[in-house]
Amino acid sequence: MHRLRDHALSVSNEWKTWVAVIALTLLASAAWADPQSAISVYRKSYGLSAVTEDAKLTELARQQANAMAERRSMDHNVYASFHSRIKPYGSPLAAENIAMGTKTFEETLAIWKSSSGHNANLLKANVTRMGLASASRDGTTYWALILAAPPEPPQSNVRVLSVLPPIILFRVGTP
């Protein structure tokens, strides 16, 4: 009888251990596996707004990460200048962080936080959108993160030249 009870307690304790390990793993991975959440939590700790993922920015980041991996070069201008890449998006404010050689987003984010320029980009005040991508080649991973303010609405090309009515001058009297 004692042997059966001891076995049941052993299975019960083993079960509890597995449940605890799985729960901690899920909690940890949920907090760190989602880059948007990790960046948002970091920004909120400084009193800034959260960021949301943006499909267009993610595509721009993907193009940049792929170009860096293809050319084996970490460079903002490897695909095209950042200004020319972000211009069609229409944002009045945008920044890009790039990295290479890190294996996980958590590692990459830690490096960006410890770099004053990259950290300044993470903490830009009016940024609310983000796109993130990575690409690997020959065991090296290249990362591109684009942060931006929302695009401005397109401006109308119609210009009002004058709203004043035409003025007609009359000459009175003799010359």
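Visitor: What share of the accessible surface of the protein chain belongs to carbon and sulfur atoms?
Guide: This is a predicted model, where local features need pLDDT of at least 70, side-chain atom pairs count only at pLDDT 80 or more, and totals for chains, interfaces and linings use all residues. Residues are numbered from 1 along each chain as its sequence is written, and side-chain values use heavy atoms, with hydrogens and water left out. Accessible areas come from the Shrake-Rupley method with a 1.4 Å probe. The surface comes to about 11900 Å², and the carbon and sulfur share is 61%.

Visitor: How many of the 175 residues count as buried, as a percentage?
Guide: Buried means under 20% relative accessible area, with a 1.4 Å probe and protein chains only. For the protein chain, that gives 30%.

Visitor: Which pattern does the protein chain follow along the sequence?
Guide: Helices (H or I, at least four residues) and strands (E, at least two) are DSSP runs, numbered from the N terminus. The chain has six helices and four strands. Read in sequence, the pattern is α-α-β-α-α-β-α-α-β-β.

Visitor: What is the order of the strands in the open sheet?
Guide: Two strands pair if DSSP finds at least two bridges between them. β1 (52–53) and β2 (94–100) are the edge strands, each pairing on one side only. β3 and β4 pair in the antiparallel sense over nine bridges. The pairing in the sheet is mixed, and the order is β1-β3-β4-β2.

Visitor: What angle does the direction of α3 make with that of β3?
Guide: Axes are lines fitted to C-alpha atoms, for helices over the stretch in contact (heavy atoms within 4.5 Å). Angles run from 0 to 180 degrees between N-to-C directions. α3 packs on the sheet and touches β1, β2, β3 and β4. Its angle with β3 is about 25 degrees.

Technical notes:
Buried < 20%, exposed > 50% of the residue type's maximum accessible area, 1.4 Å probe, protein only.
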